[in-house]
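Welcome to a short tour of one model, written for someone who likes cut-offs stated plainly. Please keep the structure open as you read.

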Amino acid sequence: MLKMGYRMVSTVDLRLLWKFGYSFGYKGMKSVNRFKKRLKEGKVFPPFLYISITNTCNLRCQGCWVDVDKPQHFISLEDMNRLINNAKKHGNSFFGILGGEPFMHPQLFDILEAHPDCYFQIFTNGQYLNDETAGRLRKIGNATPLISVEGTEIVSDERRGRKKVLSKTLAGIEAAVRNRLITGVATSVCQSNFDDLVREEWVDELIERGAHYMWFHTYRPVGPDANPELALNTEQLVAVRRFGVEMRNKKAIAVVDAYWDDKGQALCPAATGISHHISPFGDVEPCPIVQFANETIQDNDGDIYKTMTESPLLEDFRKTAAKATRGCIVLERPDLLKEVVTRHDARDTTIRKAAMAELEVMDSRGSQHQPGREVPEKHWMYRFAKKHWFFGFGAYT
Ligand code: SF4
């Protein structure tokens, strides 16, 4: 941990480190405490909102659920400001920015600049990160790029449907590090990159390249190009968890996950209510891959707090998901998800209008919940942080 601390202070602009520590660390903790207090009052408003600000992207990834090949759509700066300002009134200070590719949004930097008191994590393929864009991020100071790497050069091209993907992404990582940003690297671990990336040498390479944190998601076979054959099997799902816990204890890099508590018990962030998602069209969704909604950010004069805390669909989704599994209802029980959608006559939020058809052909499969194979946190700091600010929040009784 000391080595990682030293890496942070010697490679990150100290002003950015302060903003991260205060706006994400301290205020983030307070926002979770307010979330917990609201839960006791029967009100569920997530401290972490994930917002897909556009559907457009320059890549065509396997398993992507976004309408990337459809006409471009952007959530306007005005709508983003109203959404963020409303959430801030309820203690939120952290926002996940997704897409499509967020750097293709013409007002991305204006959105960040408009909220210096907040912290943003930008989920990006890194292809638009260079000294100009990374320099702007450094100047604004309140965002970290989480750059996705999906495999070796050949696998990356295959996974992402374009040529020379990895070299462009690695150049993006270099630009982020060179501009002293807090830089993260994410992977959607699947059959084609498991052997290459779920290994210590890859973590060492990330440290060598200057990354400060890493995040292993597990592949979700969804969307129009689902490729279910890429999904991980039970042994691999447990191995990814075990590997993450081991690396936390061994390497000078932070290892993020959103699927397990301090005891290694699985959880679904959407089922616990700690996070929900806004689609590129302003739809209020349980999570990015559940593309059904009955509410939008325009409802209640843009009062997202009122819209989310009063949403029968979100409430039913959380209760049904938590009752069915500690894992992912989309993977394990797509049939139950279909029932929730039908019960509320929820709208298909995609342009392709195929979300239900895609759900209907999904087979049930394993997810992060592997009862009896829990891997508890080994490192005291992760154990402490999860024990207090990232667990089931009473969803799993
Ligand atoms: S439903 Fe599945 S993909 Fe969505 S947040 Fe829960 S575990 Fe993650």
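Contact here means heavy atoms within 4.5 Å. The model is predicted, so local features need pLDDT of at least 70, side-chain atom pairs count only at pLDDT 80 or more, and totals for chains, interfaces and linings use all residues. Residues are numbered from 1 along each chain as its sequence is written, and side-chain values use heavy atoms, with hydrogens and water left out.

**Two crossing helices**

Helices (H or I, at least four residues) and strands (E, at least two) are DSSP runs, numbered from the N terminus. With that in hand, let us start with a helix pair. Two packed helices are described by the angle between their axes and the distance between the axes. Axes are lines fitted to C-alpha atoms, for helices over the stretch in contact, with angles running from 0 to 180 degrees between N-to-C directions. Helix H6 (residues 153-160) and helix H7 (residues 165-178) have axes that come within 7 Å and cross at roughly 100°. H6 and H7 are therefore roughly perpendicular to each other; that label covers 65 to 115 degrees, while angles under 35 count as roughly parallel, over 145 as roughly antiparallel and the rest as oblique.

On the H6 side, Glu-153, Ser-156, Asp-157 and Arg-160 meet Val-165, Leu-166 and Ser-167 of H7. Sorted by class, the contact of H6 with H7 holds two nonpolar, two polar and three charged residues. In this scheme Ala, Val, Leu, Ile, Met, Phe, Trp, Tyr, Cys and Pro are nonpolar, Asp, Glu, Lys and Arg are charged, and the others, Gly among them, are polar.

Lys-164 sits in the loop between H6 and H7. Although Lys-164 is not a glycine, its phi is positive, at about 55°.

**The ligand shell**

Which residues surround the ligand? They are Arg-220, Tyr-259, Cys-268, Pro-269, Ala-270, Cys-287, Ile-289, Cys-328, Val-330 and Gln-368, where being near a molecule requires a heavy atom within 4 Å of it. By class, this shell divides into eight nonpolar, one polar and one charged.

**Aromatic rings**

A pair of aromatic rings is described by the distance of the centres and the angle of the planes. Rings of Phe, Tyr and Trp (its six-membered ring) pair if their centres lie within 6.5 Å; planes under 30 degrees apart are stacked, over 60 edge-to-face and the rest tilted. This rule gives a count of 18 aromatic pairs. In one of them, Phe-20 and Tyr-119 have ring centres 5.5 Å apart and planes at 70°, so the pair is edge-to-face. Phe-20 lies in helix H2 (residues 14-40) and Tyr-119 in strand S3 (residues 119-124), so this pair links distant parts of the chain, 99 residues apart. Ring pairs also join Phe-20, Phe-24, Phe-48, Tyr-50, Phe-94, Tyr-119, Phe-123 and Trp-215 into a cluster.

**Accessibility**

Buried means under 20% relative accessible area, exposed over 50% and partly exposed in between (1.4 Å probe, protein chains only). Here is how several residues come out.

| Residue | Relative accessible area | Class |
|---|---|---|
| Asn-193 | 0% | buried |
| Tyr-119 | 2% | buried |
| Ala-271 | 4% | buried |
| Asp-348 | 14% | buried |
| Phe-20 | 26% | partly exposed |
| Thr-342 | 51% | exposed |
| Lys-164 | 55% | exposed |
| Asp-301 | 71% | exposed |

Asn-193 is in the loop between strand S5 (184-189) and helix H8 (194-197). Not counting residues up to four places away in sequence, Asn-193 touches Glu-150, Gly-151, Val-155, Arg-159, Thr-187, Ser-188 and Val-198.

Ala-271 belongs to helix H11 (residues 269-272). Leaving aside neighbours within four places in sequence, Ala-271 contacts Phe-317, Arg-318, Ala-321, Ala-322, Ala-395 and Tyr-396.

Asp-348 lies in strand S11 (residues 347-348). Among its contacts beyond four places in sequence are Gln-291, Phe-292 and Met-356.

**Backbone details**

Asp-301, in helix H12 (residues 299-302), has a positive phi near 50° in a residue other than glycine. A cis peptide bond joins Gly-99 and Gly-100, with omega about 5°. Gly-100 is found in the loop between strand S2 (94-98) and helix H4 (108-113).
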